[in-house]
Every structure is written in structure tokens, then in C-alpha cells.
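Keep the sequence and the 3D view open while you read.

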Amino acid sequence: MYDLAAINYYLPLLRSSSVQWLSDRMWWISVTPKAHQSIEIDDIHEVLAGGTPPEVRQEDGYELPITLHCPIVAFFVHRYAGDGTVSILNLSSESTSLRDYCRALSSGASALGIEWGGKTWEAIAYAEDGDIVAYFPEGFSRELAGGTNPEALSQELQFIHQFSEDSPAGVVAQKAAALAILEARSGLRITEEWLNSTHEVVYVDSVHSGAIASQPTIPNSPDVWPHGKKSELLFWIIDLLVAKFGFEWPGISEARSAYGSGYVPEEALHTEVMDRTLRLGRDWLEATNEYESSAANSELMRLRWRAGIAIRVALREIEQSNPKLSSLQLAKEALGMEWPTVQQHILNL
């Protein structure tokens with residue numbers, strides 16, 4: 001059974017004014033590999049990024065893009081338990097799907113997750129081998145249970161529901177119980193000191209969050225193309241988007257030039273492009289919230305943001321040994337009616 005002492009630890013933490021956001025929003029999944037298997041952190045990064053090349057940084061403290069009001073999701077990724085369990089915490093988004101991520105992360109593994117905040121009431125989910133086994137949403141509700149075998153979480157539900165949700169204090173106690181469950185599963189105890197320490201953070205554009213990115217339909221399959229041919233297409237896409245949307249950014253031109261000369265550019269150039277892409281997303285959000293902003297202007301800024309992401313992803317894909325060309329999906333949306341030009345170019349390659 002789970003430890004009641006852990007509940008007593010998390011209750012004051014959830015009520016602390018210095019980490020008020022912890023009680024307001026929380027998304028934590030613990031992923032444990034099956035016997036004789038292992039979890040590669042790079043694979044976790046790619047799943048979180050929706051199949052696109054991930055942006056991973058080391059960050060000191062709680063310096064996440066939510067403070068910049070950007071349409072971005074930020075994940076802390078840590079390996080703790082000796083059995084290879086990986087903990088993933090999302091403290092920055094109100095729109096990601098617990099079930100989708102549990103399902104995606106449980107390939108060859110099991111994933112137990114909790115969430116609350118934003119549009120989502122308290123929920124707990126359990127997945128194995130890509131299937132949702134048990135899911136209890138909206139206040140850990142037994143009545144709304146889903147999955148192939150909800151009884152798989154019977155002990156967890158009993159532990160959580162020893163507290164009533166009929167009062168604010170009871171809701172906080174249920175959250176503390178859920179945190180105690182994830183602590184037992186992962187071997188990780190969340191503390192204020194830990195939150196303020198250095199973290200490996202994966203940044204994911206909200207356009208990708210919750211689902212694996214899919215490639216658009218193109219005339220001939222690029223799956224068997226040699227790397228040089230894929231790189232040629234990626235360079236062409238970058239140049240097309242730069243010209244159409246006016247992305248004369250030094251970071252893009254310098255990174256493109258380095259790749260064109262056969263070198264891997266400095267990471268600082270990727271960071272510069274990432275930061276400017278975040279600002280594009282923030283500009284779009286501000287335009288959608290401004291009373292005087294026209295719908296046409298908001299849409300133009302949204303497409304510009306998507307084009308910026310497509311360029312950034314394309315630059316990352318060039319250095320991969322076998323790029324999936326996931327940047328094409330973003331480019332297709334940004335280019336709209338001009339996409340047939342890209343299809344014709346692919347046919348001519």
C-alpha cells in the first residue's frame with residue numbers, strides 16, 4: 001500500500017504560496033520499461049516532441065516559457081529509479097492530453113500518470129504497450145472510468161478516495177495522495193529545492209503536443225531516399241519559407257550555410273532560432289487577444305509562427321542520419337495554396 005506519510009509531506013507543499021502553480025496545474029507521468037528492456041531518453045524526447053527533432057536545454061530553476069505566455073509546452077525529464085523508470089513532468093501547459101502521452105510513452109513499457117489544472121479536472125491514467133488500461137478523469141471519478149481494465153488502478157483509487165472531494169481541503173488531499181502514488185512509482189520526491197535546480201527541459205510547440213506529427217501526402221514516398229536527396233528538399237523548403245515570410249534571421253542563414261558546407265552549426269544558432277520562434281508564437285497569441293486585431297492579421301501571424309517552426313524543425317532534421325521530414329507537415333499548413341508547388345518540386349527531384 002502507499003505511504004500516508006508522503007501525503008503529509010505534499011499537503012503543505014501544495015498549499016505553499018511560493019509554488020502555488022503546483023496545486024493549480026500538474027502533469028506527471030512515470031514510465032517503467034518491461035522486463036529485459038530499457039528506455040532511451042532520446043526516444044522519450046522524440047515522443048514528447050510529437051515525432052519531430054526535439055529542442056532540449058539545461059535550465060536553472062523554474063524558467064519556463066509559461067512566464068512569456070508562449071504557445072509552448074515544457075517538460076522536465078529525469079531518470080530516477082534503478083529499474084530504469086523515467087519521470088516526465090509538465091508544469092507549463094493546460095492543454096496537453098494525459099491519455100495521449102501515456103499511450104505514446106508506454107510502447108514496450110508501462111506508464112502511470114496524473115494531471116490537474118486548466119480545463120482538466122483531476123485525473124489518473126495507466127497504459128501498457130500503447131493501450132490505455134485504466135483512466136479516471138474529472139475528480140478521479142469512478143463513474144467516468146475508462147480503459148480496458150479499470151480495476152488495474154483499484155488500489156490507487158482507494159488511496160485517493162480516502163479523502164472526500166466535497167471540500168477544497170479534500171481536493172487538495174486527493175492531489176497529495178496522487179503525488180504520493182507517483183513518488184512511490186518513480187522514486188522521485190518533488191521539493192522546492194528540486195524545482196529550483198538544473199533540469200533537462202524539452203520544449204514542444206503546442207501544435208505538436210499530444211499527438212505524433214504526421215507527414216502530408218506527397219507524390220512519391222521519401223522513405224527510401226538517400227540523405228543527400230532529403231537534405232536537398234529540406235534546404236529548398238527552408239529557402240522557400242524564408243523568402244515568403246521574410247525570415248532573414250542571422251541564425252537561420254548561418255545555420256543553413258554551415259550545413260551547406262558540411263558542418264554542424266553551433267548550438268547557439270539553434271537556440272537563437274528557437275527563441276525567435278517562441279516570440280512568433282507569443283505575437284500570435286497577443287494578436288488573437290487584442291480587441292482591435294483583425295481576424296486576417298491573426299491568421300497571418302499564426303501561419304508565420306507555423307512557418308518559423310517548420311524552418312527550425314527542418315534545420316534540425318538536416319543533421320539527422322535518416323530525417324522523417326516531419327517539417328513538411330508544418331510547411332504545408334504555412335504555405336496553403338502554394339503547397340502544390342512543393343509537390344511538383346518533389347516530383348522533379
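Is Lys 324 buried, partly exposed or exposed? Lys 324 is partly exposed, at a relative accessible area of 45%; buried means under 20%, exposed over 50%, and partly exposed in between, with a 1.4 Å probe and protein chains only. This is a predicted model, where local features need pLDDT of at least 70, side-chain atom pairs count only at pLDDT 80 or more, and totals for chains, interfaces and linings use all residues. Residues are numbered from 1 along each chain as its sequence is written, and side-chain values use heavy atoms, without hydrogens and water.

**Salt bridges**

- The whole structure holds 15 salt bridges (a side-chain nitrogen of Lys or Arg within 4 Å of a carboxyl oxygen of Asp or Glu).
- Lys 324 pairs with Glu 46 in one of them, at 2.4 Å from N to O.
- This pair links distant parts of the chain, 278 residues apart: Lys 324 sits in the loop between α11 (295–318) and α12 (327–335), and Glu 46 in helix α3 (residues 41–48). Helices (H or I, at least four residues) and strands (E, at least two) are DSSP runs, numbered from the N terminus.
- Glu 46 is partly exposed, at 25% relative accessible area.
- Asp 205 and Arg 312 form a salt bridge at 2.5 Å, N to O.
- Here strand β8 (residues 198–205), with Asp 205, is tied to helix α11, with Arg 312, and the two residues are 107 apart in the chain.
- Asp 205 is buried, with a relative accessible area of 3%. Arg 312 is buried too, with 3%.
- Arg 306 bridges to Glu 333, with the closest N and O atoms 3.6 Å apart.
- Arg 306 counts as buried at 10% relative accessibility, whereas Glu 333 is partly exposed at 31%.
- Shared partners connect Glu 55, Asp 205, Glu 267, Arg 312 and Arg 316 into one salt-bridge network.

**The second largest pocket**

- Its volume is about 200 Å³. A pocket is an open set of points on a 1 Å grid where a 1.4 Å probe fits, with protein on both sides within 12 Å along at least five of seven lines; lining residues have an atom within 4 Å of a point.
- The lining residues include Gln 37, Asp 43, Val 47, Leu 105 and Gly 108.
- Helices α3 and α4 (98–105) each give at least two lining residues. The largest share, three residues, comes from α3.

Technical notes: Grid points are joined across faces, edges and corners, and a volume is the space filled by probe spheres set on the points.
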